[in-house]
Structures are given as structure tokens and as C-alpha cells.
Amino acid sequence: MAIAFVQMSFLVSHLKRGNFEKLMDVNHIPLPVVRRLCCLPEQMQACLQRSAIRLAVQICRKAHVGRAAKQRIQRYALMLSRNSKSTDRLPDRPMNDSFCTHNIISSDTSNLPPYSGKLQEYWMAGNGVFLRSHRPELEVCLAIARCTVGNLPQIKPYFRLVPSKVPASTISEIIQICLEAGEREVLFYLSYTNQWQLHVPAQTASRTSVAATESSFNSTYETALIEIHSHAGAPACFSTQDDIEESGKFRIFAVIGSLPEKPSICVRLGVYDRFFDIPISWIFTL
Ligand SMILES: [Zn+2]
């Protein structure tokens with residue numbers, strides 16, 4: 001309940017300050033969902049399902065909530081990710097409908113209809129189950145389960161990065177900054193408006209962690225399409241902690257590691273509570 005409470009109080013505090021639309025933009029949450037979250041009575045907050053808790057993790061990471069509250073939330077999220085039974089005990093409230101649609105493709109066409117406006121669309125087709133989502137710079141429809149379903153048309157999956165790929169010069173700049181940081185991790189945001197813009201937010205970093213310290217509002221965090229962090233000399237693999245911190249967002253994530261000898265980069269797409277490993281070449285010009 002404490003988790004939901006932090007989320008609610010955070011949302012409400014921004015609502016009172018008139019930041020309604022900001023909350024939507026930052027989290028890509030439809031306005032009705034934000035309104036609904038803020039109106040939930042306390043006893044309902046305890047019943048928020050998994051995606052809402054991940055949302056809380058995301059919000060609390062960006063907000064300046066107390067360290068103890070943040071740790072409590074992260075512990076709880078970790079427990080949920082390791083123990084599916086614990087999530088089963090959280091009733092799936094109708095709020096889920098505000099995030100997702102579940103669809104079966106029409107039997108007479110393989111064309112998908114226009115986007116529904118929900119954050120995630122699940123589609124069952126003749127060649128499996130697909131997850132579709134979009135934002136201005138990115139449109140995706142990717143398989144989450146491959147199987148044959150008789151008498152249904154097949155969907156052609158897609159991944160459309162609207163801007164041009166990130167230029168090699170930006171990668172070189174990122175690696176140079178990582179090298180200068182030595183054994184410390186570094187966090188970067190990349191956003192696109194006419195051209196790619198690299199931002200290194202104010203941050204606290206150690207050999208095993210990095211977190212932005214600047215407010216997420218009116219910051220480059222809001223507009224970032226790509227989040228990159230380094231693991232310094234450690235391998236470029238997403239950690240369990242990365243999974244927690246990067247859940248609940250629809251954006252691209254990259255981790256850089258094995259510095260300085262063999263710089264390597266690993267890329268994935270996050271669609272809220274699901275990750276897809278994707279080739280580096282889809283995002284970066286090498
Ligand atoms: Zn990491």
C-alpha cells in the first residue's frame with residue numbers, strides 16, 4: 001500500500017500544481033488514466049496491479065522521493081518480478097483496460113486498423129501474438145509468441161524508427177565521456193527534434209549505479225527516446241536493477257560496457273513491462 005500511496009501522492013501533488021499534461025507526456029499515460037489513478041480511494045490503491053506498480057517505480061525514480069521509500073518500492077518490484085504468484089494475488093482491476101487492448105485480427109485482412117489510443121495493443125494473428133505500440137518517433141508491432149493459429153491472416157511485424165539513426169559521431173562522443181569517467185557509470189539521454197541531441201543529466205554515479213538527480217519535469221528526460229548508461233569495465237548486459245529501473249517506459253535502452261579495452265553496446269526496446277532485444281544497427285550508425 002505504501003507503494004501505491006507514494007505514487008498517488010506524487011500524482012496528486014503534480015495535479016494540484018497544474019502539471020496534468022506533464023504527467024501524461026512524461027509517462028505516455030492517457031489523461032483519463034491519470035485522472036483515474038488520482039481518484040482511487042486508499043483501499044483500492046492496495047489492489048493496483050503490476051503495471052501500476054511498475055509505473056510507481058518509474059515515477060518515484062524520477063521524483064525526489066525519500067531514499068527509504070524508493071528502496072521499498074524497488075524491493076517490492078523485484079519481488080514481483082521474481083515471484084509471479086505474488087502478482088496473482090493482486091486483483092486485476094478494470095484499470096488494466098485503460099492501458100491495453102486485446103484483439104484478434106479480422107479474418108478477411110492482414111492490415112491492422114488505426115491505433116486505438118491505448119498504450120499497448122495485443123494482437124492474435126495467424127502467425128502468433130503481437131504487441132503494438134507507438135509514439136511520435138517510434139512505431140512497433142513485434143511478436144511476443146510465435147505460433148500458428150488456423151484461419152487467421154498473418155501480421156507482418158514492424159519496427160519503425162522515424163528519425164534517422166543516431167550518427168557514429170554521437171556514439172564516439174558517448175564513449176569518450178565514459179572513458180573520462182573512469183570506473184564510474186554514466187547516464188545519457190538522446191532525444192530527437194530535427195536532429196539527435198545528446199544530454200548528460202546531473203547525476204550521482206558509482207562503480208555499480210547511476211541515477212539522474214535533476215527534476216524530470218521540463219528536463220531532457222521527458223523527451224528522451226533513448227536512454228543509455230555505461231557499465232564502465234563490466235560487460236554490456238542489462239542487470240536486474242536495470243530491468244526494474246527501465247520498466248514502465250516506452251523507449252529504447254542501451255548499455256555500454258567492457259571499457260576501455262573492448263567497448264561494446266547492447267540495445268533493447270522497452271514497451272512498458274516487456275523488453276525486446278534489438279540489433280544495434282536498428283538504432284545506431286556504426
Ligand atoms: Zn546497468
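**View 1. S169 sits in helix α9.** Helices here are DSSP runs of H or I with at least four residues, strands are runs of E with at least two, and both are numbered from the N terminus. This is a predicted model, where local features need pLDDT of at least 70, side-chain atom pairs count only at pLDDT 80 or more, and totals for chains, interfaces and linings use all residues. Residues are numbered from 1 along each chain as its sequence is written. S169 counts as exposed because it has 11 C-beta neighbours inside 10 Å.

**View 2. L286 lies in the segment after β13.** L286 is exposed too, with 10 other C-beta atoms within 10 Å. Leaving out residues up to four places away in sequence, L286 touches A168, I280 and S281; contact is scored when C-beta atoms, placed from the backbone, lie within 7 Å. L286 and S169 are 117 residues apart in sequence, yet their C-alpha atoms are 9.1 Å apart in space.

**View 3. Six strands make an open sheet, in the order β7-β6-β10-β11-β12-β13.** The pairing is mixed, and two strands pair if DSSP finds at least two bridges between them. β7 (195-199) and β13 (274-278) are at the edges with a single partner strand each, so one side of each has no neighbour in the sheet. From one strand to the next, the twist averages 25°. Strands β10 (226-230) and β11 (249-257) run parallel, joined by 5 bridges; I226 has I252 as its bridge partner in β11.

**View 4. Helix α9 (168-180) lies across β6, β7, β10 and β11.** The helix runs at about 5° to β7. Axes are lines fitted to C-alpha atoms, for helices over the stretch in contact, and angles run from 0 to 180 degrees between N-to-C directions.

**View 5. The largest nonpolar core has 30 residues.** Such a core is a set of buried Ala, Val, Leu, Ile, Met, Phe, Trp, Tyr and Cys residues joined through C-beta atoms within 7 Å. F188, L190, I226, I228, I252, A254 and I256 touch the most other members. Elements supplying at least two residues each include β4, α9, β6 and β12, while β11 gives the largest share, 5 residues. Beyond its neighbours within four places in sequence, I228 is in contact with I174, F188, L190, A254 and I256.

Conventions: Contact = placed C-beta atoms within 7 Å. Buried ≥ 20, exposed ≤ 12 C-beta atoms within 10 Å, placed from the backbone.
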